[in-house]
Amino acid sequence: MQEPDASQVALTWSGEPGRLEELTHGMLLEQAERAAAALTRCGVRAGDRVAVHLPLVPESVIATLACGRLDAIRTTLPVSLTVPELAARLRESEIRVLITADAAFWDGSVRPVKPVLDHALARGAAAGGKLPHTVLVVNRCSRPISWKPGRDKWWHEALATD
């Protein structure tokens, strides 16, 4: 099979009105490599679980490719889950790192993502569940969010660190 040209568009994403992102094969692979390095710095090793609690955004694809590079297990936590459903899923799996978004744009409005996750994590902690060591937050809608120092880190900052 022929390798794709690094300059060919690999992913086109159309989100909120007027927002279009295109990533070439080269850009996608470079971002996946940076994400894999960030996950490694967060302690992810082969066989560890990385939960992805993101809307359909390019970072979801990048996280999947990064997990593949590390032989980590990608677990999907749909953003449509309620707090009790999310808390149950978090209790059922031993997640080392969780990737989420500040908020998401769908059905014509901005909806919270991380605040729902924070409630589920608090519920899990109250029940004595094992929580992820790190929560990487993708800045999608620039919304004010709560922040737990030491646990929460911005995705773009984690990927920028070399």
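1. Terms for strands. Two strands pair if DSSP finds at least two bridges between them. Helices (H or I, at least four residues) and strands (E, at least two) are DSSP runs, numbered from the N terminus. By that rule, strand 6 (residues 103-106) and strand 7 (residues 109-112) pair in the antiparallel sense, over four bridges.

2. Basis of the note. This is a predicted model, in which local features need pLDDT of at least 70, side-chain atom pairs count only at pLDDT 80 or more, and totals for chains, interfaces and linings use all residues. Residues are numbered from 1 along each chain as its sequence is written, and side-chain values use heavy atoms, with hydrogens and water left out.

3. Overall fold. The protein has five helices and nine strands. From the N terminus, the order is β-β-α-β-α-β-α-β-β-β-α-β-β-α. The radius of gyration is 16 Å, close to the 15 Å of the globule rule for 162 residues, so the protein is as compact as a globular protein of that length. That radius is taken over C-alpha atoms, and the rule is 2.2 Å times the number of residues to the power 0.38. The C-alpha trace spans about 50 × 40 × 25 Å along its principal axes.

4. Of the 162 residues, 41% are buried. Buried means under 20% relative accessible area, exposed over 50%, and partly exposed in between (1.4 Å probe, protein chains only). Contact means heavy atoms within 4.5 Å. Among contacts with a separation of 6 or more, 64% join residues 24 or more positions apart.

5. Surface and charge. The protein exposes about 8600 Å², and carbon and sulfur atoms supply 53% of it. These areas come from the Shrake-Rupley method with a 1.4 Å probe; for residues, only the protein chains shown count as cover. There are 19 positive and 19 negative side chains, and the centres of the two sets lie 8 Å apart. Lys and Arg count as positive, Asp and Glu as negative; His and the chain ends are not counted. The charge is placed at NZ of Lys, CZ of Arg, CG of Asp or CD of Glu.

6. Strand 3. Four of the five residues of strand 3 (residues 49-53) are buried, so this strand is largely enclosed by the rest of the structure. Strand 3 runs parallel to strand 4 (residues 73-76), joined by four bridges. Arginine 49 has isoleucine 73 of strand 4 as its bridge partner.

7. Leucine 54. This residue sits in the loop between strand 3 and helix 2 (58-70). Leucine 54 is buried, at 9% relative accessible area. Leaving out residues up to four places away in sequence, leucine 54 touches Glu59, Ser60, Leu77, Val79, Ile99, Thr100, Ala101 and Val138. Its C-alpha is 9.3 Å from that of aspartate 102, which is 48 residues away along the chain.

8. The hairpin. Strands 6 and 7 form a hairpin with two residues between them. Tryptophan 106 stands opposite serine 109 in strand 7. Aspartate 107, in the turn, has a positive phi of about 50 degrees.

9. Most residues other than glycine have a negative phi. Aspartate 71 is not a glycine, yet has a positive phi of about 60 degrees. Aspartate 71 lies in the loop between helix 2 and strand 4. Its relative accessible area is 55%, so aspartate 71 is exposed.

10. Lysine 148 is partly exposed, with a relative accessible area of 45%. Its C-alpha is 9.1 Å from that of valine 135, 13 residues away along the chain. Isoleucine 145 is in contact with Asp102, Lys114, Pro115, Val137 and Trp154, leaving aside neighbours within four places in sequence. Isoleucine 145 and valine 44 are 101 residues apart in sequence; their C-alpha atoms are 25 Å apart.

11. Histidine 119. The C-alpha atoms of histidine 119 and proline 144 are 15 Å apart, with the two residues 25 apart along the chain.
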